[in-house]
Amino acid sequence: MSLEIITGRWLPRLHPRWWEHPRTSAIIMEARDFGGHEYFKPADFDDDNPFVTITELSFPWYLLEYGAERYEHLVTEILQPLNPVRIVAEGHDDIVTSMKYGMDGVLNIPLYMPAEITQVLPVVMAADMLPAGYTLYLEQPDAFLSGDAQANLFDFLCEKAVAGLNIVVTTHSPASLGQVRVNVHDGKIAQDDVILIFEGKRLNIDSDGHIDDWPDGFMDTYDKQLMKLL
């Protein structure tokens, strides 16, 4: 459906936006806090209750019902670690009582494992299970990731937007925005399906991924640094 990217020197919190239509949306805030709780299955999607709230509780029950292999694969593809990511969840009656993950054969609770996995896993799970037509709000899902991982994550988000989700995401990352522009250039997502907001102003992206009227202060720190070094 669409991918809306909100950026600027200061990023707004998204929960006020979520309250505009909570019955068809979900939000991930502070995804790095994922872990260390008991997790409950959200209400089933139906006409009376077709929404779910995600804060640090992000569908780990899904791991019980469908297994962790799919998410191990997706997280590994995004992060590109030296060794594949492993995820183990145990529980009963839609409650996850134990969850561990890691790499190199070392598994531990999320509190003691790399922040990159903690950051990406709930985003991947939410985007993967929400039905088409829903809106997913993501607050800086790329904050703890390397540039390559940021680009891979936004490839995944572009794919999910094309598949039918509305995704609203805040970011400070030139790598994340750049990868969205590459997806537009390569025809993987239509330019009309990408909404780019810089400090309240919408910027236009053409079919080649170019941005018209690039404002000063808009993700140009690296370019300015290079000019000083030349």
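**Buried residues and helix packing**

Thr170 lies in strand β8; strands (E, at least two residues) and helices (H or I, at least four residues) are DSSP runs, numbered from the N terminus. The model is predicted, so local features need pLDDT of at least 70 and side-chain atom pairs count only at pLDDT 80 or more, while totals for chains, interfaces and linings use all residues. Residues are numbered from 1 along each chain as its sequence is written, and side-chain values use heavy atoms, with hydrogens and water left out.

With a relative accessible area of 2%, Thr170 is buried. Buried means under 20% relative accessible area, exposed means over 50%, and partly exposed covers the range in between (1.4 Å probe, protein chains only). The side chain of Thr170 reaches the backbone nitrogen of Gln140 at 3.0 Å. Gln140 is found in the loop between β7 (135-139) and α5. Because its relative accessibility is 31%, Gln140 counts as partly exposed. Phi of Gln140 is near 45°, which is a positive value in a residue other than glycine. A positive phi, near 50°, is also found for Glu199, again a residue other than glycine. Glu199 lies in the loop between β9 (194-198) and β10 (201-203) and, at 43% relative accessibility, counts as partly exposed.

The loop between β8 (166-170) and α6 contains Ser173. Ser173 counts as buried because its relative accessibility is 6%. Leaving aside neighbours within four places in sequence, Ser173 is in contact with Asp142, Gln150 and Met219, where contact means heavy atoms within 4.5 Å. Met219 is 46 residues from Ser173 along the chain, and the C-alpha atoms of the two are separated by 7.5 Å. The side chains of Ser173 and Gln150 are joined by a polar contact of 2.6 Å. A polar contact is a pair of N or O atoms within 3.5 Å; within protein, one must be able to donate a hydrogen and the other to accept it, and residues adjacent in sequence count only if both atoms are side-chain atoms. A polar atom of the Ser173 side chain also lies 3.0 Å from the backbone nitrogen of Ser176.

Two packed helices are described by the angle between their axes and the distance between the axes. Axes are lines fitted to C-alpha atoms, for helices over the stretch in contact, and angles run from 0 to 180 degrees between N-to-C directions. The axes of α5 and helix α6 (residues 174-185) come within 8 Å and cross at roughly 45°. That angle makes α5 oblique to α6: angles under 35 degrees count as roughly parallel, over 145 as roughly antiparallel, 65 to 115 as roughly perpendicular and the rest as oblique. The crossing of α5 and α6 is right-handed; a crossing is right-handed if the near helix is turned clockwise from the far one by less than a right angle, and left-handed if anticlockwise. Gly147, Gln150, Ala151, Phe154, Asp155 and Cys158 of α5 make the contact with Ala175, Ser176, Gln179, Val180 and Asn183 of α6. By class, this contact has five nonpolar, five polar and one charged residues. Ala, Val, Leu, Ile, Met, Phe, Trp, Tyr, Cys and Pro count as nonpolar, Asp, Glu, Lys and Arg as charged, and the others, Gly among them, as polar. Gln179 of helix α6 is buried, with a relative accessible area of 18%. Not counting residues up to four places away in sequence, Gln179 touches Ala151, Phe154 and Asp155.

Helix α4 (residues 115-129) and helix α5 (residues 147-162) have axes that come within 10 Å and cross at roughly 15°. Helix α4 is therefore roughly parallel to α5. The crossing of α4 and α5 is left-handed. On the α4 side the contact is made by Val123, Val124, Ala127 and Asp128, and on the α5 side by Leu153, Phe156, Leu157 and Lys160. Six nonpolar, no polar and two charged residues take part in the contact of α4 with α5.

For the protein chain, the secondary structure comes to seven helices and 10 strands. Of its 230 residues, 47% count as buried. Among contacts in the chain with a separation of 6 or more, 65% are accounted for by residues 24 or more positions apart.
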